[in-house]
Amino acid sequence: MATRPRALEMGFYSRYLEGYLRQFDRTRILPIVFEEAVSERGEVRRDLAGFLGISQERFSDTIDRVNPSTVPRFRSLSSFAVKTGRRLRRHHLESLVDVAGRLGLRRLLTSGSRVPRLDPGLKRELSQMYAEEFEELERSWGVDLSSWRDRTSIAGSGVPDASEIRGST
């Protein structure tokens with residue numbers, strides 16, 4: 001976290017969602033929690049198809065691992081390449097970034113070892129730091145964020161469990 005201080009700020013999703021609500025009616029936004037999309041694919045697929053007004057069969061039955069997180073082999077070089085790619089895109093040089101991707105530069109720089117599991121102490125600390133944010137998102141968007149919480153932080157905290165949250169939507 002010390003190397004990416006803005007990462008903590010970016011975790012306050014309600015601030016970003018407010019901007020969408022200024023542009024779109026709430027009924028035009030379907031919040032989907034990643035952990036549910038992975039663990040409850042059938043239910044999420046049904047909800048998404050209903051929201052979009054299409055048949056569930058339009059979705060693929062097989063889902064490969066998408067966008068797996070890894071710790072880059074060459075962190076500094078990978079960070080430099082990402083920043084350079086962003087600068088190039090800002091100057092409308094997307095084609096150069098695409099060429100580098102087709103040549104396998106992105107895969108070479110970003111592939112590495114799997115990201116280690118989140119340290120339980122850090123998860124507890126983050127869960128406490130974001131507690132009010134979780135409550136706001138659950139209340140205003142009707143989503144269950146229990147998978148984001150540290151289990152030891154939930155007990156006796158007055159935080160509703162998943163059944164209470166789902167029952168309120």
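Which residues make up the largest nonpolar core? Phe-12, Ile-29, Val-33, Leu-126, Tyr-130, Phe-134, Leu-137, Trp-141, Val-143 and Leu-145 do so, 10 residues in all. The model is predicted, with local features requiring pLDDT of at least 70 and side-chain atom pairs counted only at pLDDT 80 or more, whereas totals for chains, interfaces and linings use all residues. Residues are numbered from 1 along each chain as its sequence is written, and side-chain values use heavy atoms, with hydrogens and water left out.

**Overall organisation**

- The protein chain contains 11 helices and two strands; these are DSSP runs numbered from the N terminus, with helices being H or I of at least four residues and strands E of at least two.
- Along the sequence, the elements follow the pattern α-α-α-α-β-α-α-α-β-α-α-α-α.
- Among contacts (heavy atoms within 4.5 Å) in the protein chain between residues at least 6 apart in sequence, 54% join residues at least 24 apart.

**The largest nonpolar core**

- A nonpolar core is a set of buried Ala, Val, Leu, Ile, Met, Phe, Trp, Tyr and Cys residues joined through side-chain atoms within 4.5 Å.
- The largest such core comprises 10 residues, and helix α9 (residues 131-141) gives the most to this core, with three residues.
- Leu-126, a member of this core, is found in helix α8 (residues 120-129) and counts as buried at 16% relative accessibility.
- The C-alpha atoms of Leu-126 and Arg-149 are 8.4 Å apart in space, while the two residues are 23 residues apart in sequence.
- Leu-145, also in the core, is in contact with Val-33, Phe-134, Leu-137 and Glu-138, leaving aside its neighbours within four places in sequence.

**Aromatic pairs**

- The structure holds four aromatic pairs; rings of Phe, Tyr and Trp (its six-membered ring) pair if their centres lie within 6.5 Å, and planes under 30 degrees apart count as stacked, over 60 as edge-to-face and the rest as tilted.
- Tyr-13 and Trp-148 form a tilted pair, at 5.7 Å centre to centre and with 55° between the planes.
- This pair links distant parts of the chain, 135 residues apart, with Tyr-13 in helix α2 (residues 13-23) and Trp-148 in the loop between α9 and α10 (151-154).
- Tyr-13 is partly exposed, with a relative accessible area of 39%, and Trp-148 is partly exposed at 23%.
- Ring pairs link Phe-12, Tyr-13, Tyr-130, Phe-134 and Trp-148 into a cluster.

**Helices α5 and α6**

- Helix α5 (residues 75-90) has 16 residues and reaches 23 Å from its first C-alpha to its last, close to the 22 Å expected at 1.5 Å a residue; the expected span is 1.5 Å times one less than the number of residues.
- The axes of α5 and helix α6 (residues 94-102) come within 7 Å and cross at roughly 145°; axes are lines fitted to C-alpha atoms, for helices over the stretch in contact, and angles run from 0 to 180 degrees between N-to-C directions.
- Gly-85, Leu-88 and Arg-89 of α5 and Glu-94, Leu-96 and Val-97 of α6 make the contact.
- His-92 lies in the loop between α5 and α6 and is exposed, with a relative accessible area of 73%.
- The phi of His-92 is near 60°, a positive value in a residue other than glycine.
- Most residues other than glycine have a negative phi.

Methods
Buried means under 20% relative accessible area, exposed over 50%, partly exposed in between (1.4 Å probe, protein chains only).
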